[in-house]
Amino acid sequence: MNPKDLKRHLVAEGFQVFRTLGSCVVLADRVRDNLIMDSGVAAEASPEHRVKVVIRARSGDYPGESEDQLFARVRALAEAELDPSYAEFEQAVIPVDQPSAPGERLDTWYEVTFVRTEADLAALMLTLRDALTVKKIA
C-alpha cells in the first residue's frame, strides 16, 4: 500500500491526518476546534502494517538532567504506557529554536520512536486508536 492509499483509508476510518512524511502518514491531535497538531503517532505505508509512536522528554522540564537521564525518563514512560509488543526503533535529540531569532535555543526534546507491526489493516486501525490515547511526554 502506498502513502496516498493509506491516507485515504485512514481518513475513511475517521482519523485526522496531520501530514505525510515519506512513507509515514502522521496522525493529528485536535487540540482545539481550530488547531490540530502532530499526535506523535504515525502509520507506515509498507508491506508490513506498522505503527510508530514518538515519546519525548523536554530538557526544560528537567533542568540539570543529562541526556541519558532524559532518555531513561522516556523509556520508563514507554514501558508504562505501551504494549510490550512495541520495539524501540530510534532515538533523536531535537533542538527547538526560537522561530523569530534563528540560533536562539528555546528547548531540546529527547525523543524515542517505538514501532509495532500489525497483521492486517483492521488490526492497524485498532492499534492506531489505542496509540492516540498514550501519554507521550515524560
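The following conversation goes through how individual features of this predicted model come by their descriptions.

Trainee: What should I know about the model before we use its values?

Mentor: This is a predicted model, in which local features need pLDDT of at least 70 and side-chain atom pairs count only at pLDDT 80 or more, while totals for chains, interfaces and linings use all residues. Residues are numbered from 1 along each chain as its sequence is written, and side-chain values use heavy atoms, with hydrogens and water left out.

Trainee: Why are F71 and Y110 called an aromatic pair, and what makes the pair edge-to-face?

Mentor: Rings of Phe, Tyr and Trp (its six-membered ring) pair if their centres lie within 6.5 Å, and planes under 30 degrees apart count as stacked, over 60 as edge-to-face and the rest as tilted. The centres of F71 and Y110 are 5.5 Å apart and their planes stand at 90°, so the two rings pair and the arrangement is edge-to-face. By this rule the count comes to one aromatic pair.

Trainee: What does the pair of F71 and Y110 tie together?

Mentor: F71 lies in helix α2 (residues 67-81) and Y110 in strand β6 (residues 105-118), so the pair ties together parts that are 39 residues apart in sequence. Helices (H or I, at least four residues) and strands (E, at least two) are DSSP runs, numbered from the N terminus. Both F71 and Y110 are buried, a word that stands for under 20% relative accessible area, with exposed meaning over 50% and partly exposed in between (1.4 Å probe, protein chains only).

Trainee: How do you know that R56 lies over the face of W109?

Mentor: A charge sits over a ring if NZ of Lys or CZ of Arg is within 6 Å of the ring centre and within 35 degrees of the ring normal. R56 lies over the face of W109 at 3.8 Å from the ring centre, so the distance meets the limit of 6 Å. R56 and W109 are 53 residues apart in sequence, yet 6.2 Å apart in space, C-alpha to C-alpha.

Trainee: Why is R56 called partly exposed, and which residues does R56 contact?

Mentor: R56, in strand β4 (residues 49-58), has a relative accessible area of 22%, so R56 is partly exposed. Leaving aside neighbours within four places in sequence, R56 is in contact (heavy atoms within 4.5 Å) with V74, W109, Y110, E111, K136, I137 and A138.

Trainee: What makes the approach of D107 to G60 a polar contact?

Mentor: A polar contact is a pair of N or O atoms within 3.5 Å; within protein, one must be able to donate a hydrogen and the other to accept it, and residues adjacent in sequence count only if both atoms are side-chain atoms. The backbone nitrogen of G60 lies 2.9 Å from a polar atom of the side chain of D107, so the distance falls within the limit. Beyond neighbours within four places in sequence, D107 is in contact with R58, S59, G60, I94, P95 and V96.

Trainee: Which residues does V115 touch, and how far is V115 from K52?

Mentor: Not counting residues up to four places away in sequence, V115 touches R50, V51, K52, S85, Y86, A87 and F89. V115 and K52 are 63 residues apart in sequence and 4.6 Å apart in space, C-alpha to C-alpha.

Trainee: Why is C24 called buried?

Mentor: C24, which lies in strand β2 (residues 24-32), has a relative accessible area of 10%, so C24 is buried. C24 touches R19, A42, A43, E44 and K52, not counting residues up to four places away in sequence.
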